[in-house]
Amino acid sequence: HLDRAETEMYIDSHLAYAGGNREIFTSRALDEIYRSSTGIPRVINRICEKSLLYAFQQQKRLIDDHMVLYVAEDEMLKERSAK
């Protein structure tokens, strides 16, 4: 499990690798990603992926903690219950 700082570095490195050159997640969004994922990289990836898709659908350029919370609670729970 990653700690909060490692989670942020993990996300930043993935965004940099993908060619991202600006901040997409607010600091509070990163806090929520860490809290929801408990630092598990696979879960961090899923939450970030779903949050990016949700932000695109909502035509938002910045992902805040409310969006991450919605994705983590609503979208991720739907996935689990479908299995």
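Predicted model: local features only at pLDDT ≥ 70, side-chain atom pairs only at ≥ 80, totals over all residues.

Residues are numbered from 1 along each chain as its sequence is written, and side-chain values use heavy atoms, with hydrogens and water left out.

**Helix α3**

- Helices here are DSSP runs (H or I, at least four residues), numbered from the N terminus.
- Helix α3 (residues 41–57) has 17 residues and should span 24 Å at 1.5 Å a residue, which agrees with its end C-alpha atoms being 24 Å apart; the expected span is 1.5 Å times one less than the number of residues.
- V43, I44, I47, C48, S51 and A55 are the buried residues of α3 (buried means under 20% relative accessible area, exposed over 50%, partly exposed in between, with a 1.4 Å probe and protein chains only).
- They cover an arc of only 130° around the axis, so they sit on the same side of α3 (the arc is that of the directions from the helix axis to the C-beta atoms).
- R42, F56 and Q57 are exposed on the other side of α3.

**Salt bridges**

- The whole structure has five salt bridges (a side-chain nitrogen of Lys or Arg within 4 Å of a carboxyl oxygen of Asp or Glu).
- D31 and R4 meet in one of them, at 2.6 Å, N to O.
- D31 lies in helix α2 and R4 in helix α1, so this pair ties together parts that are 27 residues apart in sequence.
- R46 pairs with E49 at 2.7 Å, and both lie in helix α3, three residues apart.

Terms used. Helix = DSSP H or I, 4+ residues; strand = E, 2+ residues; numbered from the N terminus.
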